[in-house]
Every structure is written in structure tokens, then in C-alpha cells.
Amino acid sequence: MRKTALECIHKLAQVDERVVFIGSDLGPGVLDKMKVEFPARFFMEGVSEQYIVGMSAGLAMEGFIPYVNTIATFLTRRCYEQVAVDLCIHDLPVRLIANGGGGVYAPLGPTHLAIEDIAIMRALPNMTVVAPCDADEMNRLMMSTVDWPHPMYIRLGKGGDKVVSKEEFGCELGKAIQMRSGIDGVFVTTGVMTQLALDSADLLKEKGIDVGVVHVHTLKPFDAEGVIEAIERVKSVVTVEEHIVNGGLGTALLESCSEQRPDLLGKIARIGISDKFATEYGSQNSLLKHWGITSDKLVNVMMKKIRG
Amino acid sequence: MSLDDRSKLLRRYVVDAMRGGGRGHLGSSMSMIEVLRVLYDSVLKFDALDPELADRDRFILSKGHGCLALYAILADKGFFPVSELESFCLPTSRLGGHPERGKVPGVEASTGALGHGVPIGVGISLAMRLQKRKSRVFVLTGDGEINEGSNWEAAMAAAKHKLSNLTVLVDYNKLQSYGRTADVLDLEPLSDKFKSFGFITHEVDGHDISALEKIFKKLPFSKEAPSAIICHTVKGKGFPFAEGNPEWHHKSGLTEDDFRKMYECLQ
């Protein structure tokens, strides 16, 4: 997914001279082809995220569209004031491409685990927050980012994630996608949790339970209308996110229902990371298991909810 | 050094604004009046009737709390009416306690939180280079402000990119909110710090009009490096009761007697 995102920046730079790339201290060889083709629009600025966000704001004030890339925690926690003041107060079209949403950097411990990034980014006025589910969707999404007039936070998965998105679904910013329909329940998901939900829906099907999946690639602006339409007729709704349960996808849905359809609140359950930092290392998958974000859990929570 | 009529006029505009809002960072604004005066009178390229002029020089007031001085010179130059100064900090005013881009004509960046101006200035300087514009970028920081590490991250980058179109000005009045910069977090040797970060650096009396004009005429100090000018100033300059007095860093609840004393200093 990250490779696709970076390649898209190069493609965008080829057709739009406003596009610039800014990295912090990324791995050797990152976007080498773009660096050769457009050396003046390729920046590798060192471990200095506060400066980098401010610099990207300066470039955007003068008409450029900066794509900034580094590890998610460093783009959110480290320079939150710069993101708020330089990007969001000025409402500038800077794209923050955040490596390693959720448990991707499991072996590296809690300093590198972006578990609250969605919550703190969606709290900022003017910010757009997206989390695509696979490389194909990333490709479609990136191509639509150029003319989006606001700052945008793009959360990346690990890479090599199973491709489940389809061309015919489209990828319109701010519009949720019904990936699978079901009459008994709906999983509402974001990022690579969509794959887990689709697998879980298959398992439920074997048990005779028909469950749909709504993929929310844009967490802010949240497509309340689209998601509510998808969940209003089913008995049970389970949100799934690789993120703390506070402030993310599940919260966004509860907020929308609280305001627009309080009658739906009772059928919603949330699955995510509990309100604490990770205490284990291992792999993304082992960490997801530790957090209780597994297909077994999804199946059990959905069945329990359906059976009331 | 006594103040001439123009310096007194600009200070009067600041006091008028404070009277309207009943508050303001007097000390922080007074230390930089002459620096702004010389910049806008003799250095910067701008058009008050066309604040978005593409080829203008960009000035960023990084120490946003000194906005009263910026508002005074912008009003004086015709970016907005002088009479508007009296709306300072009122609910629907354009002129808030920190300057905002998009609200106040001539304000390039919304500042107030400290340590943002130099990084943004580096980005704009790079943009000017990419667009092959001759526009120059000036960023004025406070002294307490450069406690923030973001300034030094950006300083390293400015040198790396050899941004000769960027000038960082430091309003070095030696006082921050709590007290003396030497006691809170000593900046010395400040000139050597900028030099070691790759800037060509000069120091100047920040209230001496001819010295300021002379030093600005020498810009850029190098075609291969960013420039820094450390302006030695006096906090509260022009008001003996406020000069060097941290109590006047910011004042609210000002009385008619306070304003009478301020205006008396400007006779």
C-alpha cells in the first residue's frame, strides 16, 4: 500500500507541477525515480517533523501540493501543533501519508504504534482522514487527492494486504462503500479491517447468518447518511477498527446516530483496541490477537448481538 | 536614543489599539517598532492595495503576540484603515490578539503559537525558488520564541538549501514572559549559534533607523546561505515605566490613567 502511494505521488508529479514530495528520513532509495526526474520537487529533510509540517505549509501557501511521508506516530504525535496551526487553521492542501497505522510496527513497541491517530486527526477542524483497505483502493484514492482543497491524513496499512476493493465500487472521498450486503447484520470497517470483516462474514455465512460489510475509507468527513442507510434495516451492527475504541470509527458512527437516529444506537457494538498502550511485541497479527481483533471475535460479537 | 515623530506615531497607533481592546502585548510590540518601520518604509516590496501581489516580498511575524506593531505599520501603509485599530480584540474585529492570514490584509501566516514562522518561511523561500521568483522572505522571531526547537530544525534546513532569499530577524529584547532570557533559558552565544547553523549573521541596534537601513541594504549577506540579523532592542521601548519591565510583556485591565501616562510619553 505504501509503495503504491509513493508511486502515485510520482505519477501525480508527472502531470501536475504543483506536486512535491517531502520525506523525513525514509529508507534508502525511496522514490529514487522521482528524485531523478524531478530533483527540485523531491525533499528529504531529516528527522524534523515539526519543521517539515511547517515547511509543507509554506509551500502550500504558495500554490504547491505537498505530499509528506513518514511513520504515522511521528506525523501525528510529534508535530500535532504544527498540523493544527500550520495546516488546519490555514486550511492548506497538504497530504500526510502515514506509514504503519495500528499494529503494523508491532515489534517496535508502543512508541511506533499509531493507535489513536484517527481520533486526534479527526478532532481537528478542516482535516480529512482516510484509511484505504488495499493497494488498488489506495491507487484510486491517491488520484483523487490532488484537487481536494483541505489538509488530508492518509493512514497506510502494512502492505501486501489482500486486495478486496473493486473498480466498480469507485472511491469517492467522503462516501462509504457497501462491499457486501447482508440481511442479518453489518460490519462497519475501515482500513485493512475490511478484509477481516469480509472473512468473518464468510464464516457467519457458513453458520447461516447473512452479514454485510460497509467499508468507510473516509473517516472524516464521515458518511453518516450512507452508513445509516446501510445499517438501519439490520438487527446488529459491529464496527471494527485497528485503533482505540475511543474517538475512531465506532465513535463517529455513535455520534452520528446519537444526533440523527438514536433508535439505532442499541444495535451497535464496537471492536477495537482498549484504552491502553500495547504491552506486547511480536507481529501485527499477534498483536491483533492480543487486542482481541480476530475473526473469531468478530463472529462471536456479531452472533451475540443478533441473538440479543 | 530618542524617538522621532514617525516612531512616536506608530507607537500612538499601538496605544490607540490597546485602548480599543483594553489589553495588549505592549512591551513585545514596542521593541520591534523600528525594525518593522524600516522594513516597510525601505526594504519590502509590497502593494497595500494588492496584498496578494505575486512578486511581493513575504514578511512573517513569527512572534504573533507582537501583532500590535504589525497592525500599526500595516494600517499606516494603507492595508486597512487606521481607524480600524481601535477594534483590536473586539468580538467581530479582524484584528485579534494574534494575527491571522485571510483575515488581516498583509498578514502572511497565522501565528501566535511560537516556533512556526521559520519553518513556514523556509517553505515559502523554497516555493519562491521553485517558481523562479525574486521575492524575499523575512521572518521576525522573538528571543524567548527561539527556545522552541522547531526554529533550529528549520535553521538547519535553511542552510542545507542555501536559502539566500530568507532572512531571519531576532527581536532580542532580552526579556521573555517570566523574566530575563539569560535566566529562563540563556540564548548566548546567539550570534554564534546562528553562524554554526549555517547563517551569515549580523547584529544591529534594533532602534537605530540608519543602522537598520544600512544592514538591510547589505542583504543577502551571501548568495549561498540564509541571513540572520540579531536586533538588539529594548522591551517596552518609548515608555520608561515599561522599558525592561516584564510586567508590561502583556497587560490587561488598563485604566484611563495608564493610557494617559502612555500618551504622555509620546508627546
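Two residues are in contact if their C-beta atoms, placed from the backbone, lie within 7 Å. I needed that rule before counting anything in this predicted model.

**Entry 1: chain A as a whole**

Of the contacts in chain A with a separation of 6 or more, 78% are between residues 24 or more positions apart. I then listed the secondary structure and found twelve helices and twelve strands in chain A. The C-alpha atoms of chain A fill a box of roughly 60 × 40 × 35 Å along the principal axes. I checked the radius of gyration against the globule rule: a compact globule of 308 residues would have a value near 19 Å, and chain A has 19 Å, so the two agree. Of the 308 residues in chain A, 55% count as buried.

**Entry 2: confidence**

I noted the scores before going further. The model has ipTM 0.97 and pTM 0.97. For chain B, the mean pLDDT is 96, and 100% of the residues reach 70 or more.

**Entry 3: the two domains of chain A**

I looked up the domain assignment, which gives domain 1 (2-155) and domain 2 (172-307) in chain A. Their C-alpha centres lie 26 Å apart. Where they meet, 26 residues of domain 1 of chain A are in contact with 28 residues of domain 2 of chain A. On the domain 1 side, α6 (117-122), β5 (128-130) and α7 (135-143) of chain A each supply at least two residues. I sorted that side by class and got 16 nonpolar, six polar and four charged residues.

**Entry 4: the largest nonpolar core**

I asked which residues touch the most other members of the largest nonpolar core. In this core of 177 residues, they are Ala5(A), Ile9(A), Phe187(A), Val188(A), Leu298(A) and Tyr71(B). Helix α4 (residues 67-77) of chain B gives the largest share of the core, nine residues. Both domain 1 (2-155) and domain 2 (172-307) of chain A contribute residues, so the core lies between them. In soluble globular proteins, nonpolar side chains tend to be buried together.

I took Ala5(A) as one example from the list. Not counting residues up to four places away in sequence, Ala5(A) touches Ile97(A), Met138(A), Met142(A), Ile154(A) and Leu156(A).

**Entry 5: where chain A meets chain B**

I counted the residues on each side of the contact: 20 from chain A and 18 from chain B. On the chain A side, α3 (49-61) and α5 (80-89) each supply at least two residues. The largest share of that side, nine residues, comes from α3(A). By class, the chain A side has nine nonpolar, seven polar and four charged residues.

**Entry 6: Ala57(A)**

I picked one residue of helix α3 of chain A, Ala57(A). Is Ala57(A) buried or exposed? A residue is buried if 20 or more other C-beta atoms lie within 10 Å of its own. Ala57(A) has 28 C-beta neighbours inside 10 Å, so Ala57(A) counts as buried.

I then listed its contacts, leaving aside neighbours within four places in sequence. In chain A, Ala57(A) is in contact with Asp86(A), Leu87(A), His90(A), Leu92(A) and Val94(A). From chain B, Ile120(B) and Gly123(B) are also in contact with Ala57(A).

Key:
Residues are numbered from 1 along each chain as its sequence is written. Chains are lettered from A and ligands numbered from 1 in the order in which they are written. This is a predicted model: local features need pLDDT of at least 70, side-chain atom pairs count only at pLDDT 80 or more; totals for chains, interfaces and linings use all residues. A nonpolar core is a set of buried Ala, Val, Leu, Ile, Met, Phe, Trp, Tyr and Cys residues joined through C-beta atoms within 7 Å. A residue is buried if 20 or more other C-beta atoms lie within 10 Å of its own, exposed if 12 or fewer, and partly exposed in between; C-beta atoms are placed from the backbone. Helices (H or I, at least four residues) and strands (E, at least two) are DSSP runs, numbered from the N terminus. Domain bounds come from an automatic or database domain assignment. Ala, Val, Leu, Ile, Met, Phe, Trp, Tyr, Cys and Pro count as nonpolar, Asp, Glu, Lys and Arg as charged, and the others, Gly among them, as polar. The radius of gyration is taken over C-alpha atoms; the globule rule is 2.2 Å times the number of residues to the power 0.38. pLDDT is the predictor's confidence in each residue, from 0 to 100.
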